[in-house]
Amino acid sequence: MSCCMKSEPLAVSNFREYLRIPSVHPNINYDGCIEFLRRQAEGLNLKFKVFELKPKKPIVVISWLGTNPELPSLLLNSHMDVVPVFEEKWTHKPFAAIKDENGNIYARGAQDMKCVGIQYIETVRKYIQEGLHLKRTLHLTFVPDEEIGGVDGMGLFIKTQEFKNLNVGCALDEGMASATDEFMLYYGERSIWVFDIECPGQTGHGSLLHENTAGEKLSLALQKFLDFREKEKRRLQLNPDFTIGDVTTLNLTIINGGVQNNVVPPAFVATFDCRVAVDVDHTEFEAKLRQMASECGANLSFRQKMPKIEVTSIDPKTNPWWNIFKKECDKMNVSLKTAVFPGGTDCRYIREVGIPAFGFSPMNKTPVLLHDHDEFLNEQVFLRGIDIYYNLIKALATA
C-alpha cells in the first residue's frame with residue numbers, strides 16, 4: 001500500500017506519473033510518454049518537437065534557449081523505453097509506482113532511467129521559477145528503443161540534420177546506481193560483439209561412433225573460448241582497481257543444432273556475447289577469435305560488430321567539460337568513481353560523432369536493480385539528484 005501523505009513534491013508526483021506509463025518492450029506504444037512530455041514542456045513554455053524517423057519510434061526534443069544560443073549546447077539525454085517484467089516476482093505492481101513507508105518508489109524504470117528524464121525536467125523548472133538564465137541552450141532528448149540497442153532511436157537521430165542543428169558540445173546520459181557513498185561516472189563503453197561459432201561435422205545414426213562430429217568440434221570450441229573467459233575473469237579478480245568494464249567479457253548465450261535424439265547433426269552453432277575492452281586492438285582481437293575457431297575446425301561469423309569508439313577524456317587538461325564537471329562535483333562533496341560502463345547505452349552513438357558524453361545517474365546508497373525484480377528508487381535520493389543536477393547543469397551551461 002502506498003505511504004499515506006497529504007502531499008508530495010511536484011517532482012515526485014511527476015516521476016510517479018511517468019513511471020505509470022507502461023512503455024515496456026515488446027511492441028511499445030509511446031503515445032502516453034509523448035502526451036506526458038508535451039504537457040511538461042507546455043507547462044514551462046519550452047519548445048517541443050517530435051521526430052519520427054521510423055514509424056512508431058518517436059524522438060522527443062524539449063529545448064530551453066540560452067542567452068547565447070550560438071554557443072555549443074548541452075544535451076540531456078534519456079530513453080523512454082523499459083525492459084519487460086516478471087510481474088509475479090514483484091512485491092508491488094511494476095507499473096503502479098507505489099511508494100512505501102520508507103519513501104521507496106517501486107516501478108520498472110525507477111532506476112533505468114525515467115528518474116533521470118524527470119530530474120532533467122525538474123531541474124529546468126527550478127531555473128525558470130528562480131528567473132535564472134543560462135548561456136548555453138539545453139536540449140532534453142527522450143529517445144525510443146535504447147533497451148533493444150537504440151538503432152532506430154539515437155542511432156538514427158545522430159545521422160540527421162536535425163541532430164546537427166542542435167549544435168551539441170557535451171552530453172549527459174544514464175549511468176548506474178551505486179550501493180556506496182560514491183557516485184558512478186562512466187566515460188566510455190566497451191564494443192559489443194555478438195558472434196556465432198559454427199561447428200560442422202559428420203552426420204549419421206546416433207548409435208555409431210562417427211569421426212569428426214559437430215559435437216566433438218563444439219566441445220573443443222567451448223573449451224577454447226571459455227578458457228579465454230576464465231583468463232579475463234582472473235585478470236578482473238587480481239586487479240583491485242579494475243571494474244567489469246576494464247576487461248573483455250565473453251559469455252555463451254545460445255546453442256543450436258540437432259533435430260532428433262538418434263540423429264547426429266551436421267552442425268552445432270554456439271552464440272557468444274562479447275564486450276571488447278576499450279584498450280583492445282580490434283583487428284588483432286578478431287584475428288585471435290578466428291584463429292581459435294579455426295583450430296577447432298569451426299567457422300566464425302558476426303551477428304553484431306560494434307566499431308571501436310574513443311572514450312571521453314577525463315583529463316582536465318584536454319577536456320574542459322570534464323574539468324567543469326569534476327570541479328562542480330567536488331564543490332558539492334559528490335565523490336565520483338570513474339569507470340567504463342559495463343553494458344551499452346546511447347552514449348556510444350553520441351561519442352561516435354565526436355561529442356564528449358558522460359554517463360551519470362545521481363543515485364548513491366542504492367542497490368543496483370536495473371532490469372531486476374522490485375526495481376525502486378528512494379524519494380530522497382531522487383530529490384537529491386535534482387539538487388546535484390541543478391548545480392552541475394548550471395555550471396556546464398554557463399561555461
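Visitor: What classes of residue make up the lining of the largest pocket?
Guide: The lining of the largest pocket holds seven nonpolar, seven polar and seven charged residues. Ala, Val, Leu, Ile, Met, Phe, Trp, Tyr, Cys and Pro count as nonpolar, Asp, Glu, Lys and Arg as charged, and the others, Gly among them, as polar. This is a predicted model: local features need pLDDT of at least 70, side-chain atom pairs count only at pLDDT 80 or more, and totals for chains, interfaces and linings use all residues. Numbering starts from 1 along each chain as its sequence is written, and side-chain values use heavy atoms, with hydrogens and water left out.

Visitor: Why is this called a pocket, and what is a cavity?
Guide: On a 1 Å grid over the protein atoms alone, a pocket is an open set of points with protein on both sides within 12 Å along at least five of seven lines, whereas in a cavity a 1.4 Å probe fits but cannot get out. Lining residues have an atom within 4 Å of a point. The largest pocket has a volume of about 390 Å³, a volume being the space filled by probe spheres set on points joined across faces, edges and corners. Of its 21 lining residues, the closest to the centre are E146, E147, G343, G344 and H371.

Visitor: What marks D81 and E146 in the record?
Guide: An unreviewed UniProt entry annotates D81 and E146 as "active site"; such annotations may be inferred rather than shown by experiment. The two are spread over 66 residues of sequence, yet the largest C-alpha distance is 6.8 Å. E146 from this set belongs to the lining of the largest pocket. D81 sits in the loop between strand 3 (73-79) and strand 4 (98-99). Strands (E, at least two residues) and helices (H or I, at least four) are DSSP runs numbered from the N terminus.

Visitor: How many cavities are there by this rule?
Guide: There are two cavities of 30 Å³ or more. The largest cavity, of about 40 Å³, is lined by G188, E189, M306, I309, E310, R348 and R351. Four of these lining residues are charged, two are nonpolar and one is polar.

Visitor: What makes strand 9 and strand 13 a pair?
Guide: Pairing needs at least two DSSP bridges between the strands. Strand 9 (residues 191-200) and strand 13 (residues 267-276) run antiparallel and are joined by 10 bridges, so they pair under that rule. Within this pair, E198 stands opposite V269 in strand 13. Both strands belong to an open sheet of four strands in the order 11-13-9-14, with antiparallel pairing. Strand 11 (249-256) and strand 14 (299-305) are the edge strands, each pairing on one side only.

Visitor: How do you know where helix 6 and helix 7 make contact?
Guide: Contact means heavy atoms within 4.5 Å. The residues that make the contact are K224, F225 and F228 of helix 6 and F285, K288, L289, M292, A293 and E295 of helix 7. By class they divide into six nonpolar, no polar and three charged. The axes of helix 6 (residues 214-238) and helix 7 come within 9 Å and cross at roughly 145°. Axes are lines fitted to C-alpha atoms, for helices over the stretch in contact, and angles run from 0 to 180 degrees between N-to-C directions. Helix 7 (residues 282-295) also lies across strand 9, strand 13 and strand 14, at about 20° to strand 9.
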